[in-house]
Structures are given as C-alpha cells and as structure tokens.
Amino acid sequence: MSHSKTFFITGCSSGFGNALVQKCLDAGDKVVATSRRPDDLRFVNVNERNYLAVGVDIGCSESIRAAFDRAIAAFGRVDVVINNAGVGLCGAFEELTDREIQSVMEINFMGVVRVTRAALHIMRSVNNPPGGLIQQITSIAGQCGMPAVSAYCASKWAVEGLTESITMEMKPEWNIKLTCIEPGGFRTEWAHKNMLFRHPKQILPAYSHLPAESIMKKMGEQQVGDPVKGAVAIHQLAHMHDPPLRCLLGSEAFEMMAAKLEQYAGTYCDFESIALAVDVDEPSTMIP
C-alpha cells in the first residue's frame with residue numbers, strides 16, 4: 001500500500017460510509033467524515049490530526065464547497081472523495097409521483113454531481129501536486145434493472161454514465177481517476193431505514209403482484225455482503241496506482257452482471273441485421 005491519503009466521505013452515519021471512515025482511520029489515513037448530523041458520528045482512533053467531522057447538505061453547492069474548504073484548511077489536500085450518500089424509493093413506477101422521483105434524483109444523482117464538481121476543482125487546481133480519485137458508490141442496480149426500484153436504478157445508471165463521460169474529459173497531467181463501485185446486497189440500512197415506501201393510498205390495485213415492502217423485506221433477509229469487508233475492498237481500490245473505471249462488490253453483483261453481459265451479447269448479436277442496415281449507402285464526406 002502507498003503512503004497515507006486524505007479521504008472525503010459522504011453519508012458517514014451508517015453502512016458503507018461508517019465502515020469506510022473506520023477502515024481509513026485504522027489504516028493510518030486522514031478522514032473528513034461528512035453527514036447531516038456530524039456531532040452524532042462516533043469513531044475510534046481519532047484525533048485532530050487525522051479526523052474532521054463536517055456537516056454537509058449535498059443539495060447545496062455552497063455547503064459542499066465550505067466542507068472542502070475546511071478539509072483543505074485542516075489537511076492541505078484531498079486525495080480520495082467517496083460519494084456514498086444516497087436514498088432508496090420502493091414502489092411500482094406508476095405509483096411514484098414526479099416529486100418523489102425528482103427527490104431520489106436530487107440526492108443520488110445531483111448530490112453526486114455537486115460533490116464531484118467540487119472535487120475535480122480541488123484535485124486539479126488546489127492539490128499540489130495535482131491528482132486524486134473519486135469513487136462513486138453506485139450499485140449493481142446501476143447496471144441491472146430491478147422491479148419496484150425504478151427511480152433508484154435510474155439515479156444510479158445516471159451516475160454511471162456521468163462518471164464514464166467525465167473520465168474522457170480528464171487530461172493525463174491532472175492525474176485524476178474515477179471509479180464506479182457497484183455493490184450487490186450488503187447488510188446495511190439501504191433496504192430498511194434508508195428506503196422510502198408508498199403510502200397505502202398510493203398503491204395501485206393493478207400492481208398487487210408487486211408488493212414493495214415484501215420485496216424489500218426479502219431482499220434484506222438475503223443480503224450476503226459484509227459492509228466491513230466491503231470497506232476493506234473500497235479502501236484497497238483507493239490505494240491502487242491505476243484503479244479501474246468499474247468494480248463489482250459481492251457475489252450477488254458478480255452473478256447478476258455475468259447474466260447481464262450474456263444477455264447483452266445475445267440480444268445485440270441477434271438483431272445485428274437491423275442495427276447495421278440503417279447506415280447511409282455511401283460514406284459521408286467530411287466538410288473541411
């Protein structure tokens with residue numbers, strides 16, 4: 001492992017965020033732990049030289065910038081930013097209101113947009129020498145659609161596309177890397193207190209075959225991922241010289257992605273004749 005790094009982590013009150021903060025501290029790294037209620041955060045092996053708890057509203061760019069300013073004032077640079085904060089919404093798509101879907105996108109996508117934008121500026125223009133890593137905690141739901149969580153899947157797919165595009169905009173000399181980390185089911189609060197459900201009056205009889213709360217309860221009971229082990233893996237990726245653009249976490253995610261890739265290969269090849277028949281008959285001429 002390389003020298004110690006300074007981490008900036010969102011959503012540290014529970015789950016991956018909480019486990020990540022403790023893993024980084026135990027490994028000798030410095031951590032800026034953010035939360036809506038920073039005074040409630042509790043970790044061991046902390047002191048003013050390795051730990052800073054900061055209140056952040058990821059819906060507010062000014063709040064995010066202020067948090068990064070405090071991080072720079074305390075530690076001089078930020079090496080790794082982990083976008084972990086998020087929320088779930090469970091229900092059949094037709095049952096969800098525009099406002100509910102927008103609220104999920106506001107936290108899971110626009111929150112990542114704001115933090116990532118601020119992080120890129122810090123890593124390019126403030127860090128000396130420049131460089132850093134942004135880890136987006138997406139989900140296997142950012143690669144594979146699932147029933148009853150369409151808004152959540154959409155928000156995570158959006159982060160995946162955003163991140164892949166950003167990597168293509170980076171100059172090599174900036175030394176900025178981005179990684180989408182795609183967990184399967186882990187024993188966190190995601191399927192429990194971090195999941196929003198429909199009011200009974202919103203449930204449509206047509207979707208009686210899709211009992212949202214029962215689906216989440218079953219998912220919660222079948223989660224095989226250990227958040228502490230997941231934190232170890234994420235920390236390992238953060239210390240790699242050349243981290244990947246994407247990395248699955250957990251056997252569930254690996255199995256789902258393998259099935260998705262097989263499905264993709266079959267679908268696209270089966271309809272190759274349709275796909276390739278729509279080009280113009282003559283190659284286009286570039287206009288100088």
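**Close-up views of a predicted model**

**View 1. Tyr-264 and Tyr-268 share helix H7.** In this predicted model, Tyr-264 and Tyr-268 both belong to helix H7, which covers residues 251–270, and they stand 4 residues apart, or about one turn of the helix. A search of the whole structure finds 4 aromatic pairs. Tyr-264 and Tyr-268 form an aromatic pair of the tilted kind, with 5.5 Å from centre to centre and 55° between the planes of the rings. Tyr-264 counts as partly exposed, at 31% relative accessibility, whereas Tyr-268, at 58% relative accessibility, counts as exposed.

**View 2. The charged end of Arg-124 sits over the ring of Trp-174.** In this view of an arginine and a tryptophan, the charged end of Arg-124 is 5.5 Å from the centre of the Trp-174 ring.

**View 3. Phe-16 is a buried residue of helix H1.** Helix H1 runs over residues 15–26 and includes Phe-16, which counts as buried because its relative accessibility is 8%, under the 20% limit. Although Phe-16 and Ala-231 are 215 residues apart in sequence, their C-alpha atoms are 6.3 Å apart in space.

View 4. Cys-144 is in no disulfide, and the nearest cysteine sulfur, which belongs to Cys-153, is 8.7 Å away. Cys-144 is buried, with a relative accessible area of 7%, and Cys-153 counts as buried at 5% relative accessibility.

Notes: Residues are numbered from 1 along each chain as its sequence is written. This is a predicted model: local features need pLDDT of at least 70, side-chain atom pairs count only at pLDDT 80 or more; totals for chains, interfaces and linings use all residues. Side-chain values use heavy atoms; hydrogens and water are left out. Rings of Phe, Tyr and Trp (its six-membered ring) pair if their centres lie within 6.5 Å; planes under 30 degrees apart count as stacked, over 60 as edge-to-face and the rest as tilted. Helices (H or I, at least four residues) and strands (E, at least two) are DSSP runs, numbered from the N terminus. Buried means under 20% relative accessible area, exposed over 50%, partly exposed in between (1.4 Å probe, protein chains only). A charge sits over a ring if NZ of Lys or CZ of Arg is within 6 Å of the ring centre and within 35 degrees of the ring normal. A disulfide is a pair of cysteine sulfur atoms within 2.5 Å.
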